[in-house]
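Hi everyone, thanks for having me. Please bring up the structure on your screens, and we'll walk through it together.

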Amino acid sequence: MEIIYKKLSELIEYKNNVRRNDPANIAKVADSIKRFGFLNPITIDINNVIISGHTRLKAAKLLEMKEVPCIVSDLSEEDAKLARIVDNKSHEYATWDINKLHKELNAINLDYKTVFFTPNRDRLFYKENKLLIFGNNELPITEEEYARLKSIYDSYIDNNKTYFGFVMYLTGGGE
């Protein structure tokens with residue numbers, strides 16, 4: 001597999017890309033590229049249409065890069081469509097070893113882990129019908145219990161700059 005460099009202006013975003021890219025996500029990827037370079041080239045078809053790497057392209061534009069590493073893949077149109085979905089979906093099947101991740105995060109620069117692992121504190125995880133949203137589960141909880149849990153959660157993030165390890169902390173588990 002050969003890596004070639006293409007000008008940003010040569011690359012074409014796939015018009016039906018199913019993945020959304022919000023500015024905060026693009027900024028995180030840009031920070032990663034700035035710090036480590038391109039760890040994964042952008043995959044394109046023979047017509048320069050992106051198969052995987054839309055967010056990387058947007059991050060490169062944010063960084064005002066002139067060219068990016070690419071891999072040209074000669075997939076059929078149908079396979080390219082499937083590859084786009086698989087590329088965006090496949091990471092969801094893996095899980096984290098929270099103990100190891102927590103140790104790794106504790107061993108790195110605090111500012112950097114904040115960029116990647118601090119959640120949006122305003123995300124919805126409490127419904128009006130008094131249910132706490134935990135993953136795909138909804139658990140009954142009172143407003144007072146929620147307020148107490150939210151306070152502990154916010155304090156944990158302030159102290160640790162990440163939400164990883166929060167459940168272990170909350171349940172009294174160790175690293």
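Keep in mind that this is a predicted model. Let's begin with strand S3, residues 50–52, which is part of what covers the buried residues of helix H3. Which residues of H3 are buried? They are Ala80, Arg84 and Asn88. Seen down the helix axis, these residues fall within an arc of 65°, so they line one face of H3. Over on the other side of H3, Glu78 and Leu82 are exposed. The helix itself covers residues 77–89, and its 19 Å from first C-alpha to last is close to the expected 18 Å.

Now let's turn to Thr55, which you'll find in helix H2. Is Thr55 buried or exposed? Its relative accessibility is 16%, and buried means under 20%, so Thr55 counts as buried. Leaving out residues up to four places away in sequence, Thr55 touches Asn21, Asn25, Ile26 and Val29. Ile26 is 29 residues from Thr55 in sequence, yet their C-alphas are 6.0 Å apart in space. With Asn21, the side chain of Thr55 makes a polar contact of 2.2 Å.

Last stop, the nonpolar cores. The largest has 14 residues, and Leu11 is one of those touching the most other members. Helices H1 and H2 and strands S2 and S4 each give two or more residues to this core. Beyond its neighbours within four places in sequence, Leu11 is in contact with residues including Ile42, Leu57 and Val68. There is also a second, separate core of 7 residues, with Tyr146 and Leu149 among them.

Note on methods: Residues are numbered from 1 along each chain as its sequence is written. This is a predicted model: local features need pLDDT of at least 70, side-chain atom pairs count only at pLDDT 80 or more; totals for chains, interfaces and linings use all residues. Side-chain values use heavy atoms; hydrogens and water are left out. A nonpolar core is a set of buried Ala, Val, Leu, Ile, Met, Phe, Trp, Tyr and Cys residues joined through side-chain atoms within 4.5 Å. Buried means under 20% relative accessible area, exposed over 50%, partly exposed in between (1.4 Å probe, protein chains only). Helices (H or I, at least four residues) and strands (E, at least two) are DSSP runs, numbered from the N terminus. Contact means heavy atoms within 4.5 Å. The expected span of a helix is 1.5 Å times one less than its number of residues. The arc is that of the directions from the helix axis to the C-beta atoms. A polar contact is a pair of N or O atoms within 3.5 Å; within protein, one must be able to donate a hydrogen and the other to accept it, and residues adjacent in sequence count only if both atoms are side-chain atoms.
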